[in-house]
Amino acid sequence: MEITDIKFRHFHTDGKLKALVSLTFDNCFAVHDIKIIEGNDRLFLAMPSRLMPDGKYRDIVHPVGQKMREYLENVVLDEYKNI
């Protein structure tokens, strides 16, 4: 699976949320509302989530495994830093 398009939306200068991102995979599958968050020591991605009736948030979509998470973070954050 390859990221074929990255769109950054809603840039923020205040707070920990830095941007919302939409990714397209293989020119045929899109994921919207991935957040770029400023953590204590680095930027990271937070996957789209939904508030559940019990008050907890649950990811709607997420990478399966550390290798895919690292791939997503590396590609997206490298692109973000080059804007």
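This is a predicted model: local features need pLDDT of at least 70, side-chain atom pairs count only at pLDDT 80 or more; totals for chains, interfaces and linings use all residues.
Now to the overall build. The protein is made of six strands and one helix. If you follow the chain from the N terminus, the order reads β-β-β-β-β-β-α. The radius of gyration is 13 Å, close to the 12 Å that the globule rule gives for 83 residues, so the protein is as compact as a globular protein of that length. If you like to think in boxes, the C-alpha atoms fill one of roughly 35 × 30 × 25 Å along the principal axes.

What about inside and outside? Of the 83 residues, 29% are buried. The accessible surface comes to about 6000 Å², and carbon and sulfur atoms account for 51% of that. As for how the chain meets itself, take the contacts between residues at least 6 apart in sequence: 32% of these join residues at least 24 apart.

Next, please look at the aromatic rings. How many aromatic pairs does a search of the whole structure find? The search comes up with three. One of them is formed by F8 and Y80, with the ring centres 5.9 Å apart and 50° between the planes, which makes the pair tilted. Why is this pair worth a moment? F8 sits in strand β1, residues 3-9, while Y80 sits in helix α1, residues 66-81, so the pair ties together parts that are 72 residues apart in sequence. Are these two residues buried or exposed? Both F8 and Y80 are buried.

You will find K56 in the loop between β5, residues 49-51, and β6, residues 57-59. In contrast to the buried F8 and Y80, K56 is exposed, and its relative accessible area is 57%. Exposed means over 50%, so a value of 57% puts K56 in that class. Which residues does K56 touch, leaving aside those up to four places away in sequence? The answer is R50 and L51. And for a sense of distance, K56 and L17 are 39 residues apart along the chain, with 19 Å between their C-alpha atoms.

Conventions:
Residues are numbered from 1 along each chain as its sequence is written. Side-chain values use heavy atoms; hydrogens and water are left out. Helices (H or I, at least four residues) and strands (E, at least two) are DSSP runs, numbered from the N terminus. The radius of gyration is taken over C-alpha atoms; the globule rule is 2.2 Å times the number of residues to the power 0.38. Buried means under 20% relative accessible area, exposed over 50%, partly exposed in between (1.4 Å probe, protein chains only). Contact means heavy atoms within 4.5 Å. Accessible areas come from the Shrake-Rupley method with a 1.4 Å probe; for residues, only the protein chains shown count as cover. Rings of Phe, Tyr and Trp (its six-membered ring) pair if their centres lie within 6.5 Å; planes under 30 degrees apart count as stacked, over 60 as edge-to-face and the rest as tilted.
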